[in-house]
Amino acid sequence: MTELLYLRDAYLTSFTATVVDVRSSDGADGATAIALDRTAFYPTGGGQPHDTGTLAGLAVADVRKEGQHVWHTLTASGAGDGPLPAVGATVSGEVDWSRRHQLMRTHTALHVLCGVIWNEWRVPVTGGNMEPLSARMDFEFDPVPEGFGPRIEELVNEALAADYPIEVQFLPRDTAVQDDDLIRTKVSLIPESVTEIRVVDIVGLDKQADGGTHVRSTNEVGRIRVTKLENKGKGNKRVRLEIVDA
Ligand SMILES: [Zn+2]
């Protein structure tokens with residue numbers, strides 16, 4: 001089972017780990033994937049795209065969680081590449097911090113948006129996705145309130161500037177399922193087999209069970225701009241936004 005270092009320290013970018021499995025592709029791209037005993041690389045999931053960076057001096061092109069392992073797809077970057085690591089080898093990893101930090105700012109901005117919309121209208125989120133510094137989220141509005149775009153931009157930017165601290169907690173499942181905020185954000189959908197629930201708490205604004213990486217306080221996000229509102233059908237309205245420097 002790969003230990004997920006980013007769950008406890010989203011600011012960790014350099015680490016060493018042991019290769020526990022290797023697989024080569026038959027394709028012409030020469031890509032190889034390796035599984036590690038621990039990793040700081042975030043695998044695609046929960047609406048947050050995977051990290052990039054280097055492992056054993058090779059470029060990490062994709063990161064996926066499959067079962068208990070995180071697989072890192074390595075691509076040759078040309079002359080000067082190190083040899084492909086073998087099972088049992090110790091490798092050094094370096095996460096591309098610029099991309100990761102943009103994703104952390106974006107992910108936190110989305111939680112702030114959820115909190116603001118819930119507090120103001122009591123409307124739940126139904127889905128979302130992000131790229132570095134841009135994102136979309138769907139909400140159960142029907143119809144959207146008058147002046148919605150400018151209003152959420154104002155409310156979110158106020159909350160970001162108010163610099164709410166963000167805490168990551170690990171709660172026993174029994175405790176988490178009794179928390180009103182976590183019930184609202186559908187903690188019950190987490191498989192019963194998960195006995196410890198990771199909670200991302202924007203203290204006083206939004207609390208959800210979440211496996212993503214977040215900044216330490218909301219001011220670190222910067223500001224948001226609502227770029228588009230879309231009608232995706234009855235009871236489903238999409239907000240598109242981008243993150244800009246404060
Ligand atoms: Zn999240």
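The model is a predicted one. The protein contains 4 helices and 15 strands. Its radius of gyration is 19 Å, close to the 18 Å that the globule rule gives for 246 residues, so the protein is as compact as a globular protein of that length. Along the principal axes, the C-alpha atoms fill a box of roughly 60 × 40 × 35 Å. Of the 246 residues, 45% are buried. Among contacts with a separation of 6 or more, 65% are between residues 24 or more positions apart. The protein exposes about 11700 Å², and carbon and sulfur atoms supply 48% of that area.

Empty space is found by rolling a probe the size of a water molecule over the atoms. The largest pocket has a volume of about 1600 Å³. It is lined by 49 residues, and the closest to its centre are Ile-190, Ala-209, Asp-210, Gly-211 and Gly-212. Several elements each supply at least two residues of this lining: β1 (3-4), α1 (97-121), β9 (125-131), β10 (134-139), β12 (196-202) and β13 (206-209). The largest share, 6 residues, comes from β9. By type, the lining of the largest pocket divides into 23 nonpolar, 18 polar and 8 charged residues.

The second largest pocket has a volume of about 190 Å³. Of the 13 residues that line it, Arg-8, Ala-10, Tyr-11, Val-168 and His-214 are the closest to its centre. The lining of this second pocket consists of 8 nonpolar residues, 1 polar residue and 4 charged residues.

Some points of the backbone deserve a look. Most residues other than glycine have a negative phi, and most peptide bonds are trans. Where does the model contain a cis peptide bond? A cis bond joins Asp-142 and Pro-143, with omega at about -5°. Pro-143 lies in the loop between β10 and α2, the helix of residues 148-161.

Positive phi values occur in two further loops. Arg-122, in the loop between α1 and β9, has a phi near 55°, a positive value in a residue other than glycine. Asp-163 sits in the loop between α2 and β11, and its phi is also near 55°. Is Asp-163 buried or partly exposed? Its relative accessible area is 34%. Buried means under 20% and exposed means over 50%, so a value in between counts as partly exposed. Asp-163 is therefore partly exposed.

Ile-224 gives a contrasting case. This residue is found in strand β14, residues 223-231. Its relative accessible area is 4%, so Ile-224 is buried. Which residues does Ile-224 touch, not counting those up to four places away in sequence? They are Ala-109, Glu-153, Val-156, Asn-157, Leu-160, Leu-241, Glu-242 and Ile-243. Ile-224 and Gly-127 are 97 residues apart along the chain, and their C-alpha atoms are separated by 19 Å.

Definitions and conventions
Residues numbered from 1 in each chain as written. Predicted model: local features only at pLDDT ≥ 70, side-chain atom pairs only at ≥ 80, totals over all residues. Heavy atoms only, no water. 1 Å grid on protein atoms, 1.4 Å probe; cavity = no way out; pocket = protein on both sides within 12 Å on 5 of 7 lines; lining within 4 Å. Points joined across faces, edges and corners; volume = space filled by probe spheres on them. Nonpolar A, V, L, I, M, F, W, Y, C, P; charged D, E, K, R; others polar. Rg over C-alpha atoms; globule rule 2.2 N^0.38 Å. Buried < 20%, exposed > 50% of the residue type's maximum accessible area, 1.4 Å probe, protein only. Contact = heavy atoms within 4.5 Å. Areas by Shrake-Rupley, 256 points an atom, 1.4 Å probe, with all protein chains shown as cover.
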